[in-house]
Amino acid sequence: MNSAFDAIPRYTPPYPERPPRRLPALRALLQFGQDALKPFEVGTFSRPFTRRRILGRELVILNHPEWVREAFVKRHEVLQRKTPQMRQALEPLLGDGLFVSDGPLWKARRALVSPLVSGRHLDRFLPIMLETAREWRALWRQHPADRPIDVLNEMGTLTAEIISRAIFGQRAGREQTDQIVRNFAHYQRQIEQTAVAEMLNLPGWIPRFHGRGIRRPIQRIHAVVDHIIDAQLKPSGQASAAPDGCPVGAMIDQLFTKAEGPDASLDRRAVRNEAIVLFMAGHETTANTLAWAFFLLSQAPWARAALARELERIPPERELAVTDLDALIYTRAVIEETLRLYPPVPILGRTATADTEIGGERIRQGSLVLVVPWLLHRNPELWERPDDFLPERFLPGAERPSKYQYAPFSVGPRVCPGLAFGLNEAVLCLAVLARAFDWELAPGAKVFPSTRLTLRPGDRLPMLLRERANP
Ligand code: HEM
């Protein structure tokens, strides 16, 4: 069959080998412990509905747009609770923050936090993103061309700095953002075993290997965020009037004045939990997306050339401006395709809090229900050349996938509130940096997907940068 994409060269970026058949439960669990994407056998990519029992717990995987809609929109009330694995993994860091809460608490916090990052404030966010990306460009210009730079870490510090300025109204600085990035990576490495303990349904009193290993990264992340919150508070411990252009000032104000109980320390904890959610959810995902985009482009010269042609249409004597955003069509397609191939949150897991039904199939209370963008985005029944890097599928004129087929930001009431923020941030940062540099993978560097809490291109992404003659 002829396809509109036949003329486009083929590049299939790396993915974990897929077992040809379903693995026995224990092996699947062990593989899951090594890397959450490893146990999915070939058949799960095209099967719309998978049900299996693992050590007494029922697991359901929904891999069809209609079931995704039904689960996350229609059955939101009974399927809004995160999995015990996710809660165990994140609670030590985020407490009861929005990302892991459910029920009335989630509803109240969502109403408070979501407006802070909403796309309605893009007019204020976009110039901050541009300015910060230009500062990273200036730093990269000072970097020796023959010494690799770790693009994964660079994207982490860049996006953490953007969150700090856009949401918290403060410059964090390289040292602080580096603390956040390194300690969150460390934290993710430490919690791997916890996931397996949870999947094995071990009783709560059995230690989860957390202990000392995660204490230090948590302390360091908390220290940075506390510093930021303190700067928002008056010496009396009361929220200052929300400084102009600082949405979190407003949140702190609201939490302090509308908090449920008289216990001020609880209010302080609640503020910190939500601040950490914003910091973590808001920077690591975009950083991974950008790092993957740099990697994919380094392997696909035709895509790099198409990107360069688009960026060269901006007159070289002027800076890229917010008003150029609409014209960055190919740049956006690269980001969207990156999010398809390597969704930063590759598994969206929920616990059924009551008996329910999806697609006519009965789901019992306590079952784990998974929507797995990693499978959905590579389902051969839904996508042409599903494992290939093909930004062209997101260009105007190509058929747009439905939001239940392409869900890197999830869907329904728990959809990512930072969708517009993250997407536009990735487009602008890529454009600013790709206008100024060519890049290639450092010799000997191996890149392979690694999934802990998020899907990352390993622990480092060493690249060699060369300044472009005519940006
Ligand atoms: C490319 C960038 C991003 C991606 C791919 C992404 C993806 C996601 C996904 C999939 C979820 C839902 C997780 C689940 O239901 O299990 C989520 C939730 C969330 N995201 Fe994002 N995100 C991105 C950027 C951002 C940014 C920039 C912010 C803030 C500025 C943000 C804030 C949040 C928050 C607060 C939640 C929790 C929402 C809730 O549970 O109600 N995200 N994100």
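**View 1. The residues around the ligand.** Gly-282, Thr-285, Cys-416, Gly-418 and Gly-422 come nearest to the ligand, out of 26 residues around it (to count as near, a residue needs its C-beta atom, placed from the backbone, within 6 Å of the molecule). Two or more residues of this shell come from each of helix H5 (103-117), helix H12 (264-299) and helix H16 (419-436). Helices here are DSSP runs of H or I with at least four residues, strands are runs of E with at least two, and both are numbered from the N terminus. This is a predicted model, where local features need pLDDT of at least 70 and side-chain atom pairs count only at pLDDT 80 or more, while totals for chains, interfaces and linings use all residues. Residue numbers start from 1 along each chain as its sequence is written.

**View 2. What the shell is made of.** Which helix gives the most to the shell around the ligand? That's H12, with 7 residues. By residue type, the shell splits into 17 nonpolar, 7 polar and 2 charged. Nonpolar covers Ala, Val, Leu, Ile, Met, Phe, Trp, Tyr, Cys and Pro; charged means Asp, Glu, Lys and Arg; the others, Gly among them, go down as polar.

**View 3. Cys-416, from the UniProt record.** The unreviewed UniProt entry lists Cys-416 under "binding site", though such annotations may be inferred rather than shown by experiment. Look for Cys-416 in the loop between helix H15 (373-376) and H16. Buried or exposed, then, is Cys-416? Cys-416 is buried because 20 other C-beta atoms lie within 10 Å (buried takes 20 or more, exposed 12 or fewer, and partly exposed is in between). Leaving out residues up to four places away in sequence, Cys-416 touches Phe-409 and Ser-410, with contact meaning C-beta atoms within 7 Å.

View 4. Most residues other than glycine have a negative phi. Ser-410, a contact of Cys-416, has a positive phi of about 65 degrees although it isn't a glycine. Ser-410 sits in the loop between H15 and H16 and is partly exposed, with 18 other C-beta atoms within 10 Å. Arg-385 lies in the loop between H15 and H16 too, and its phi is also positive, near 45 degrees. Arg-385 is partly exposed, since it has 15 other C-beta atoms within 10 Å.

**View 5. Zooming out to the chain.** The chain holds 16 helices and 12 strands. Of its 471 residues, 44% are buried. Take the contacts between residues at least 6 apart in sequence, and 73% of them join residues at least 24 apart.

Terms used. Contact = placed C-beta atoms within 7 Å.
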